[in-house]
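Hi,

Here is the structure I promised to pass on. Please have a look, then read my notes below.

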Amino acid sequence: MSGTVGIFDANPYESHASLTVLEANVLWEYAKLSQHVKDLTVTTRRLSEGPDENLIARLRVLERKMGLVLTLFKASVWGVINEQPVQEIEGGYEHATADPRR
């Protein structure tokens, strides 16, 4: 990484004969930005290569909690359904279905 320190310490374009001072400074800023992007790429690649054990452990805890919430939700829905009175259908199921001929 000794080459990366040099780009941030001194402007390699300032002594170029065909560049103005402004052009040399703009090129230097682009070179520093390019190095920052390269460093960011290396860091993100390193982070994405291996699994984050802390995140995996936290997601497993969340998965267990969500399973418990789902079980409790199903139980409460079942309880609400069982509390409703059973409705008697007069005359059986003949009135429950629609007659397509009518």
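Start with a polar contact: the side chains of Lys32 and Glu29 meet at 2.9 Å. Keep in mind that this is a predicted model.

The pair is also a salt bridge, with 2.9 Å between the closest N and O atoms of Lys32 and Glu29. Searching the whole structure gives one salt bridge. Side chains of opposite charge can pair when their charged atoms come close.

How are the two partners placed along the chain? Lys32 belongs to helix H2. Lys32 and Glu29 are three residues apart in helix H2, so about one helical turn separates them.

Are the partners buried or exposed? Lys32 has a relative accessible area of 16%. The cut-off for buried is under 20%, so Lys32 counts as buried. Glu29 is partly exposed, at 45% relative accessible area.

Lys32 has another neighbour to check. Lys32 lies over the face of Trp28, 4.1 Å from the ring centre.

What about aromatic pairs? The count is zero, with pairing taken as ring centres within 6.5 Å.

Next, the surface. A nonpolar patch there is formed by Leu22, Val26, Tyr30, Leu33 and Val37. Together they have about 510 Å² of accessible area. Val26 has 37% relative accessibility, so it counts as partly exposed.

To recap, look at Lys32 with Glu29 for the salt bridge, at Lys32 over Trp28 for the ring face, and at Val26 for the nonpolar patch.

Best wishes

Key: Residues numbered from 1 in each chain as written. Predicted model: local features only at pLDDT ≥ 70, side-chain atom pairs only at ≥ 80, totals over all residues. Heavy atoms only, no water. Phe/Tyr/Trp six-rings, centres within 6.5 Å; stacked < 30°, edge-to-face > 60°. Lys NZ or Arg CZ within 6 Å of the ring centre and 35° of its normal. Patch = residues over 30% accessible without salt bridge, like charges linked within 9 Å, V, L, I, M, F, W, Y side chains within 5 Å. Areas by Shrake-Rupley, 256 points an atom, 1.4 Å probe, with all protein chains shown as cover. Salt bridge = Lys/Arg side-chain N within 4 Å of Asp/Glu carboxyl O. Buried < 20%, exposed > 50% of the residue type's maximum accessible area, 1.4 Å probe, protein only. Helix = DSSP H or I, 4+ residues; strand = E, 2+ residues; numbered from the N terminus. Polar contact = N/O pair within 3.5 Å; in protein donor to acceptor, adjacent residues only side chain to side chain.
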